[in-house]
Amino acid sequence: MPTVTLITGGNGGLGIALATAFLQAAPDNVVWLGVRNRRNKAEALAEEHPKRCHLIPLNVTVDTEWTAAISEILSASGRLDVLVNNAGHHEDALLATMSDAIWQDVLQSNLTGTFLGCRAVVKHMMGQRFGRIINISSLSALMAPAGQTNYAAAKAGIIGLTQSFAKEVARAGITVNAVCPGYIETDALVQMSPEERRAAAMRVPMRRLGKPEEVAAAVLFLASPSAAYITGAALKIDGGIL
Ligand code: NAD
């Protein structure tokens with residue numbers, strides 16, 4: 001069955017890889033890319049897949065933007081099968097010097113954005129008795145490094161939200177899962193110097209960083225009919241770090 005999928009943070013490295021995987025999985029699959037301020041990569045992908053890949057403005061921290069986006073998707077595509085809560089960012093600092101603004105910002109984009117997304121789609125998915133929600137957490141949720149109290153708390157919160165929400169909607173044919181990527185080659189790692197990248201790779205038993213396509217493959221599986229009995233899970237994708 002062709003699927004209609006919404007991917008938030010759709011202009012990012014993982015967002016583009018996720019969209020590409022869903023578009024390649026079946027010729028009739030439709031993907032909506034939620035974009036905030038930057039949209040260059042998302043626009044390029046939409047041009048490659050006319051009528052199947054669309055952009056939609058969506059700051060995931062703003063409830064009214066969720067309402068508008070879901071209503072536009074439903075009137076254009078008629079249904080929404082898969083939501084990937086992928087938008088997020090990290091802004092690292094030691095707790096002793098972390099400002100309220102940085103704490104709030106990271107909690108908002110990662111955790112509140114995921115909550116608002118789940119709430120925005122649940123009624124529709126319950127009505128169609130089918131839905132797949134995949135929340136992008138992080139290895140930092142399971143093994144928090146120093147300097148990431150905000151990001152680790154937000155991403156660990158996503159796992160708690162996923163487990164609890166999965167139980168609430170299991171009987172309605174909706175699955176809710178989280179994935180926890182380790183070091184993945186995207187813009188999120190641009191702040192790392194070449195030495196830091198080498199050091200990061202040395203911490204990975206596979207001795208390399210992950211590719212966005214490797215995370216996308218797992219998300220595609222969790223969205224597929226084959227994963228119907230998997231819900232409330234948190235799948236780490238980290239080359240064996242943990
Ligand atoms: P990225 O920086 O390339 O993309 C993140 C995207 O999220 C960007 O397009 C950004 O604009 C968007 N975004 C941030 N805040 C937003 C908001 N409030 N509303 C809408 N969009 C917003 O990074 P990525 O690696 O593609 O990250 C995707 C997800 O994967 C993030 O949640 C990130 O925390 C998670 N993650 C990444 C890694 C990694 O190593 N790259 C590891 C673990 C988890």
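Reader: Where does Leu142 lie?
Author: Leu142 is in the loop between S5 and helix H5 (149-169); helices (H or I, at least four residues) and strands (E, at least two) are DSSP runs numbered from the N terminus. This is a predicted model, in which local features need pLDDT of at least 70 and side-chain atom pairs pLDDT 80 or more, while totals for chains, interfaces and linings use all residues. Residues are numbered from 1 along each chain as its sequence is written, and side-chain values use heavy atoms, without hydrogens and water.

Reader: Why does Leu142 count as partly exposed?
Author: Because its relative accessibility is 39%; buried means under 20%, exposed over 50% and partly exposed in between (1.4 Å probe, protein chains only).

Reader: Which residues touch the most other members of the largest nonpolar core?
Author: They are Ile7, Phe22, Leu33, Val84, Ile134, Val179 and Val219, out of 30 residues in that core. Such a core joins buried Ala, Val, Leu, Ile, Met, Phe, Trp, Tyr and Cys through side-chain atoms within 4.5 Å.

Reader: Which element supplies the largest share of this core?
Author: H1 does, with eight residues. A second, separate core has 27 residues, including Val4, Val60, Cys118 and Met125.

Reader: Turning to S1, which way do its residues point?
Author: In S1 (residues 4-7), Val4 and Leu6 point one way, Thr5 and Ile7 point the other way, and all are buried.

Reader: In what sense do S1 and S2 pair?
Author: The two strands pair in the parallel sense over four bridges, where pairing requires at least two DSSP bridges. Val4 stands opposite Val30 in S2.
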